[in-house]
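The stops below proceed from the whole chain to single side chains.

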Amino acid sequence: MEESRKEALRQQLLARRQELTEQIQRLRVDLAVTTAVGDSTDAVQKRNAIGTAEGLIRLADRELGLVISAMDDLAVDRCGRCIECDAEITPRRLKAVPEANRCCQCQEEEEANSKTSRRFGSARIPFYCPPQQ
């Protein structure tokens, strides 16, 4: 990977790491407030709000792990290569999903073969491959 692309990807990953860290902190504060509320709030509504907040925290935490892993890969010149076939991940895909660790073809195959990739809370990267121009 060229140094300029590598640096752009590093900056994108750093920005996403910061964004996710702040999002997780806000969600934890919201969860603490929701949990502490002891007035006449409907118990079912409160449980739903807590469950939603916990789910969002798990999703953001998993994505943060993927971003950190991509940053580690970038530091050892491994980022931008597919973990399945070792092909280069296209710059358009990395721009859209900087933490992507599979090329479009391998990601598509992974999702076609895995029902869990579509479940709420999955640690897999959602499939997105920018259209070719």
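Select the whole protein chain: among its contacts (heavy atoms within 4.5 Å) with a separation of 6 or more, 56% join residues 24 or more positions apart. This is a predicted model, in which local features need pLDDT of at least 70 and side-chain atom pairs count only at pLDDT 80 or more, while totals for chains, interfaces and linings use all residues. Residues are numbered from 1 along each chain as its sequence is written, and side-chain values use heavy atoms, with hydrogens and water left out.

Colour next by secondary structure. The chain holds 4 helices and 0 strands, where helices (H or I, at least four residues) and strands (E, at least two) are DSSP runs numbered from the N terminus.

Now select residues 3–36, helix 1, together with residues 43–75, helix 2. Their axes, lines fitted to C-alpha atoms over the stretch in contact, come within 9 Å and cross at roughly 160°, with angles running from 0 to 180 degrees between N-to-C directions. The two helices are therefore roughly antiparallel (over 145 degrees).

Finally, display the cysteines. The structure contains 0 disulfides, a disulfide being a pair of cysteine sulfur atoms within 2.5 Å. For C85, the nearest cysteine sulfur is that of C106, 3.8 Å away. C85 is partly exposed, at 41% relative accessible area (buried is under 20%, exposed over 50%, partly exposed in between; 1.4 Å probe, protein chains only).

Terms used. Angles under 35 degrees count as roughly parallel, over 145 as roughly antiparallel, 65 to 115 as roughly perpendicular and the rest as oblique.
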